[in-house]
Amino acid sequence: DELRYWWKNGLRNNRDPFDTFDELMTLGERHNTPVQFNFLSERPRHYDAWYDLYHPEIAQLMQRIKARGHTIGFHPSREAATDKNLFFKELDALRKVSPLPVISGRHHYLCFASPATWQTWESAGLQTDSTVGYSDLPGFRCGICQEFPVFDFLQRRTLNLREQPLVAMDVTFARYLNESPEAALEHLLSLQKTVRQFNGQFTILWHNSSLNTSFWAPYRPVFEQILA
């Protein structure tokens, strides 16, 4: 089934099923929802999810993101989560190639440790983090669905950094909870209803690889419906 799907929808048509960036922008524009694309930066080839930050296609993609009114964010590697020097090196490399200011983002694999993660983002001059959410469960890890100023409890001061809590992620429903598309949609709509009740931000993470493969294609309508 997997081979048949790829032959029909990918290989035979010379399409990369992971190159969904323009589709994501179009879906966002259709519902007046700007999309933020968080880019991994310059890193060794042996790191997971590696791509060449300096490839011409990446440059072209970033220019399309800018032209269409969307944003570019920072996606620090797992290794950078505990290595401040590496964090700054990756951020600097991304800022050098980005045609837009890089002022926000989210850690790879939602790596987070309070208050160290926030301290690093603050010292880097970033304005907004959106890492704080659970990988294996959706919902309100911060107890709130609105952006809030970060408080450093060790230094006992409010930082300039703000947190935009992550409410839901695609792999949480399909992989961790093993929910069907129908169950995932019901779950997401319930969360969305709560967010609207409190006039919050329904911040979701949907990977570019989670639209057009044999596994993810049935979940595509879920994503489209929660944007509506």
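## Thr 117 in helix H5

Thr 117 is a residue of helix H5, which spans residues 116-123; helices (H or I, at least four residues) and strands (E, at least two) are DSSP runs numbered from the N terminus. The model is predicted, so local features need pLDDT of at least 70 and side-chain atom pairs count only at pLDDT 80 or more, while totals for chains, interfaces and linings use all residues. Residues are numbered from 1 along each chain as its sequence is written, and side-chain values use heavy atoms, with hydrogens and water left out.

With a relative accessible area of 5%, Thr 117 is buried (buried means under 20% relative accessible area, exposed over 50%, partly exposed in between, with a 1.4 Å probe and protein chains only). Residues up to four places away in sequence aside, Thr 117 touches His 107, Cys 111 and Phe 112, contact meaning heavy atoms within 4.5 Å.

Helix H3 comprises the 12 residues 56-67 and reaches 17 Å from its first C-alpha to its last, close to the expected 16 Å (1.5 Å times one less than the number of residues). Ile 58, Leu 61, Met 62 and Ile 65 are the buried residues of H3. These residues line one face of the helix, because they fall within an arc of 100 degrees seen down its axis; the arc is that of the directions from the helix axis to the C-beta atoms. An α-helix has 3.6 residues a turn, so residues three or four places apart point the same way.

The buried residues of H3 pack against helix H2 (21-30), strand E1 (36-39), strand E2 (71-74) and helix H4 (84-97). On the face turned away from this buried side, H3 carries the exposed residues Pro 56, Glu 57 and Ala 67. Gly 69, with a positive phi near 85 degrees, follows H3.

## Packing of H2 with H3

The axes of H2 and H3 come within 11 Å and cross at roughly 5 degrees. Axes are lines fitted to C-alpha atoms, for helices over the stretch in contact, with angles from 0 to 180 degrees between N-to-C directions. The two helices, H2 and H3, are therefore roughly parallel (angles under 35 degrees). Phe 21, Asp 22 and Met 25 of H2 make the contact with Leu 61, Arg 64 and Ile 65 of H3.

## The buried side of helix H8

In helix H8 (residues 220-227), the residues Arg 220, Val 222, Phe 223, Ile 226 and Leu 227 are buried. They lie on the same side of H8, because they cover an arc of only 165 degrees around the axis. Their cover includes H2, helix H7 (181-197) and strand E8 (204-205).

Notes: Parallel < 35°, antiparallel > 145°, perpendicular 65-115°, else oblique.
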